[in-house]
Amino acid sequence: MANGREVAIVTGGSRGIGAATSLLLAKAGYLVVVNYVSNKPAAEKIAAQIMHDGGRAAAVQGDVANEDSIVQLFNAADRLGTLKTLVNNAGVVDVKARVDEMSAERLARMFTINIMGSFLCAREAVKRMSTRHGGSGGAIVNMSSAAATLGAPGQYVDYAASKGAIDTFTIGLAREVAREGIRVNAIRAGIIDTEIHASGGEPERAAQLRGQIPMQREGTAQEVAETIIWLASGKASYVTGACLSVSGGRSV
Ligand code: NAP
């Protein structure tokens, strides 16, 4: 249980998996920084719900595709308390395309948000949490995807590759900072019922792919959030560098 002055940042905390995670982190005693890029009402709604339930939260705008914006997000968190947990959750998909149809602009957006954003947020978190820098340790949870191992052919190989990068990043950073009090893990989420599928032009994607999932159903944001909370908590004290599938059995 966090002590109320311990801060958790959830990038993309306004909707979907990030929103469910923000609510659970607040219940675990964190002051939660609910980050969003453009949907201020959604982030403020989550922060208001946390405060209504007796927790502490702040909705903070910040674009993980922009380094200055990331630094400002972390500076805002510093003014609220001590950063102990980062959930590197913000991420995007794109419309269905083959690799031979992808523009450089599309690839730059995908890799800047999904990969560079996670790296730069982790950089800021390590500067604050690492015992090497005078911090008292903490936990980072990165959002990967089952796509990292499935590859998403004919759909969005760029997205899958961005999540493959997150897996490797998780393993490397975990080993780099293991002796500095920081644990770093990733979740390879399967098909989860959120708005991300509609943002990729396929609002019915979860229902369409249900039959391919061993458990025969999509997951909920709450089910992913529960796993994130566990990885961030002291109950996972010997877990670092893990890429944990939360996918109803859908993986290779
Ligand atoms: P979602 O419902 O589409 O929500 C995306 C969140 O990310 C929103 O809060 C959005 O903020 C934020 N965001 C987007 N671009 C951002 C940026 N540049 N800077 C800061 N925040 C940004 O997504 P989700 O389904 O919950 O997915 C969350 C994570 O899980 C992603 O990394 C995704 O790749 C991963 N994942 C999802 C699934 C799935 O099936 N849903 C499966 C595997 C992995 P606004 O509200 O301001 O737009």
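User: Which residues lie nearest the centre of the second largest pocket?

Analyst: First, a heads-up: this is a predicted model, where local features need pLDDT of at least 70, side-chain atom pairs count only at pLDDT 80 or more, and totals for chains, interfaces and linings use all residues. Residues are numbered from 1 along each chain as its sequence is written, and side-chain values use heavy atoms, leaving out hydrogens and water. A pocket here is an open set of points on a 1 Å grid over the protein atoms alone, where a 1.4 Å probe fits, with protein on both sides within 12 Å along at least five of seven lines, and lining residues have an atom within 4 Å of a point. The second largest pocket has 23 of them, and nearest its centre are Tyr 30, Arg 183, Ala 232, Ser 233 and Gly 234.

User: How many charged residues are in the lining of the second largest pocket?

Analyst: Asp, Glu, Lys and Arg count as charged; Ala, Val, Leu, Ile, Met, Phe, Trp, Tyr, Cys and Pro are nonpolar, and the others, Gly among them, are polar. Sorted that way, the lining has 12 nonpolar and 8 polar residues, and the charged ones come to 3.

User: Which helix gives the largest share of the lining of the largest cavity?

Analyst: A cavity is a set of grid points where the probe fits but cannot get out. The lining of the largest one includes Ile 113, Gly 117, Ser 118 and Cys 121. Helices are DSSP runs (H or I, at least four residues), numbered from the N terminus. The largest share, 4 residues, comes from residues 104–129, helix α4.

User: Why does the end-to-end distance of α4 agree with its length, and what is that distance?

Analyst: The expected span of a helix is 1.5 Å times one less than its number of residues. With 26 residues, α4 should therefore span 38 Å, and this agrees with its end C-alpha atoms, whose separation is 35 Å.

User: Where does α4 bend by about 35°?

Analyst: The bend at a residue is the angle between axes fitted to the seven residues ending there and the seven starting there. For α4, the bend of about 35° is at Thr 112.

User: What is the distance from an oxygen atom of the ligand to a side-chain N or O atom of Thr 194?

Analyst: Thr 194 is one of the residues that come nearest the ligand. The pair is a polar contact (N or O atoms within 3.5 Å), and the distance is 2.5 Å.

Note on methods
Helix = DSSP H or I, 4+ residues; strand = E, 2+ residues; numbered from the N terminus. Near = heavy atom within 4 Å. Polar contact = N/O pair within 3.5 Å; in protein donor to acceptor, adjacent residues only side chain to side chain.
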